[in-house]
Amino acid sequence: MTTTAGADWHAWQQSWDRQQEWYLPDREERFRVMLDMVEALVGPEPRVLDLACGTGSITARLLERFPKAVSTGVDLDPALLAIAEGTFAGDDRVALVTADLKDPEWTTLLPYDSYDAVLTATALHWLHTEPLAALYGRIADIVRDGGVFMNADHMIDETTPRINAADRAQRHARMDRAKDAGVLDWAGWWELAAQDPVLAGPTARRFEIYGEHAEGDTPSADWHARVLRESGFAEARPVWRSPSDALVLALK
């Protein structure tokens, strides 16, 4: 395990993964499909932008699978970025950028003008549809011709309300059982981070920025694909689905 400045970053990464898997039991499957499509469309040595990177979950799996890849992680959350910085310290394949994706100028902070792939997971549902559509336009500007953008997130099909309700009830029953067995939820994880001597300060700043929890939109996969095509991508469609989530791929 790596210990830097009094923090065990490997342990924090594992803790974040377990907490996320409580909500997303198929999290690793969507990462696998995402990286399969990176390899299929842009090859095994990509320049990647890990968008809303958090602790660097995508970057960690990218570099494990493709050791010659390079990654730029961009996020605004100081606590999750602190974990990413500790995890990837000394790895010259990784650059981390603090930026607000709602700022029209955020791309000027990146170390490269273009990327082979822009990847994001379970993050952009914090945005409402209007700023998300604007963000898609900016992403299209930095993906090279032939490059890809992929977003794995909550994408609800509102045309199937009974299916949605049954899936939600089953998921929440499973989550309740896991929580009764001691699994940390989102709020519990942040309580631990706030008590850690290294992460307490960044965690306090994080809640100053975001508040308790941001509420965005969860439009359907068809909405994402349509808006991505309108934003300048040649092709866009889901390449993975669950009852409540999807991975949408757009090809420039």
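Mentor: Let's begin with pairing: two strands pair if DSSP finds at least two bridges between them. Strands themselves are DSSP runs of E with at least two residues, helices are runs of H or I with at least four residues, and both are numbered from the N terminus. Alanine 117 has valine 148, in strand 7, as its bridge partner.

Trainee: And what kind of model is this?
Mentor: It's a predicted model, where local features need pLDDT of at least 70 and side-chain atom pairs count only at pLDDT 80 or more, while totals for chains, interfaces and linings use all residues. Residues are numbered from 1 along each chain as its sequence is written, and side-chain values use heavy atoms, with hydrogens and water left out.

Trainee: How do you know that strand 6 and strand 7 pair?
Mentor: DSSP has to find at least two bridges, so the 6 bridges between strand 6 and strand 7 (residues 143-154) are enough. The two strands run parallel.

Trainee: What makes strand 3 and strand 6 a pair?
Mentor: The cut-off is at least two bridges, and strand 3 (residues 47-51) and strand 6 have 3, so they pair, again in the parallel sense. For instance, leucine 49 has valine 118 of strand 6 as its bridge partner.

Trainee: Why is threonine 122 called buried?
Mentor: Buried means under 20% relative accessible area, exposed means over 50%, and partly exposed is in between (1.4 Å probe, protein chains only). Threonine 122 has 18% relative accessibility, so it counts as buried. In strand 6 (residues 115-121), 7 of its 7 residues are buried too.

Trainee: What about glutamine 20: buried or exposed?
Mentor: Its relative accessible area is 10%, so glutamine 20 is buried. Glutamine 20 belongs to helix 1 (residues 9-23). Leaving out residues up to four places away in sequence, glutamine 20 touches Arg27 and Thr122, where contact means heavy atoms within 4.5 Å.

Trainee: What is the phi of threonine 122?
Mentor: Near 50 degrees, which is positive although threonine 122 isn't a glycine. Most residues other than glycine have a negative phi. Threonine 122 sits in the loop between strand 6 and helix 5 (129-142).

Trainee: Last one: what makes the protein chain as compact as a globular protein of its length?
Mentor: The chain has 9 helices and 9 strands. Its radius of gyration is 18 Å, close to the 18 Å that the globule rule gives for 252 residues, so it is as compact as a globular protein of that length. That radius is taken over C-alpha atoms, and the rule is 2.2 Å times the number of residues to the power 0.38.
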